[in-house]
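Me: I am new to this structure and would be grateful for a close look at a single part. Please describe the pairing of aromatic rings.

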Amino acid sequence: DGLDSLVSALPPHYTSRFGEIVWASGGTGYGWWPSCIYDPRLTVGGARQLARKNLGKKHLLYFFECPDTPFTVLGDNRLVQWEDGFLEEYDLGKVAKSGGRNRFTSFERALQVAQLEHGKPIEMRMDWNHQSDSPKPKPKKRSNSSVEELPEEKKPKAAASMNGLSALSSLTQTTTVRRRNLTATLNSFNNDEGNANEIEPSEDGVLVCKILRK
């Protein structure tokens with residue numbers, strides 16, 4: 001459509017503002033809104049046609065966090081430099097706050113995004129909005145094995161595991177022998193005057209001897 005040639009012929013004081021983060025007059029209920037002066041060569045569709053009609057006279061503005069109508073055209077008299085807007089307390093969003101909670105929430109998000117974009121080099125601003133052909137990160141390939149290999153330091157040590165099992169087995173055998181010995185001893189106490197109960201393990205694993213006498 002020849003837009004590139006038309007933009008190249010424009011004076012530097014106009015084209016040098018492409019990518020500038022500014023406060024733009026958003027109209028009734030919006031007030032001064034965080035925006036970006038957009039390079040029309042990076043647009044398509046209606047925004048491109050709108051910019052072409054006003055080329056050299058008005059700037060194409062992108063309003064942050066306004067997905068329904070993100071683009072419009074405004075003259076220099078309805079734009080305020082980013083730093084100057086803070087001096088005027090535009091960052092408080094007084095008009096947006098009066099428009100309701102949802103609008104003020106959108107304003108706060110727009111302010112955050114604008115701050116992030118303002119911190120970038122001007123040639124990198126808004127790249128997420130006009131570089132649709134940027135390569136997407138490739139997902140990592142999953143291993144064919146269903147069992148994930150543990151790092152060396154996280155692998156269980158076979159020797160330590162076997163030692164633990166041996167100790168547990170030895171403890172169990174010792175406890176069984178002691179219980180049998182105690183039970184045999186108590187059985188020797190049985191007579192006509194009293195009775196003895198077998199050893200019973202308590203809930204916490206400690207052997208308890210119950211001796212009942214009449």
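Reply:

**Aromatic ring pairs**

Tyr62 is buried, with a relative accessible area of 11%; buried means under 20% relative accessible area, exposed over 50%, and partly exposed in between, with a 1.4 Å probe and protein chains only. The model is predicted, so local features need pLDDT of at least 70 and side-chain atom pairs count only at pLDDT 80 or more, whereas totals for chains, interfaces and linings use all residues. Residues are numbered from 1 along each chain as its sequence is written, and side-chain values use heavy atoms, with hydrogens and water left out.

Rings of Phe, Tyr and Trp (its six-membered ring) pair if their centres lie within 6.5 Å; planes under 30 degrees apart count as stacked, over 60 as edge-to-face and the rest as tilted. By this rule there are 15 aromatic pairs. In one of them, the ring centres of Trp23 and Phe86 are 5.7 Å apart and the planes stand at 75°, so this pair is edge-to-face. Trp23 belongs to strand S1 (residues 21–25) and Phe86 to helix H4 (residues 82–87), so the pair ties together parts 63 residues apart in sequence; helices (H or I, at least four residues) and strands (E, at least two) are DSSP runs, numbered from the N terminus. Trp23 is buried, at a relative accessible area of 0%, while Phe86 is partly exposed, at 28%.

Tyr62 and Trp128 also form an edge-to-face pair, 6.4 Å centre to centre with 75° between the planes. Tyr62 lies in strand S3 (residues 59–63) and Trp128 in helix H7 (residues 127–130), 66 residues apart. Trp128 is partly exposed, at 44% relative accessibility.
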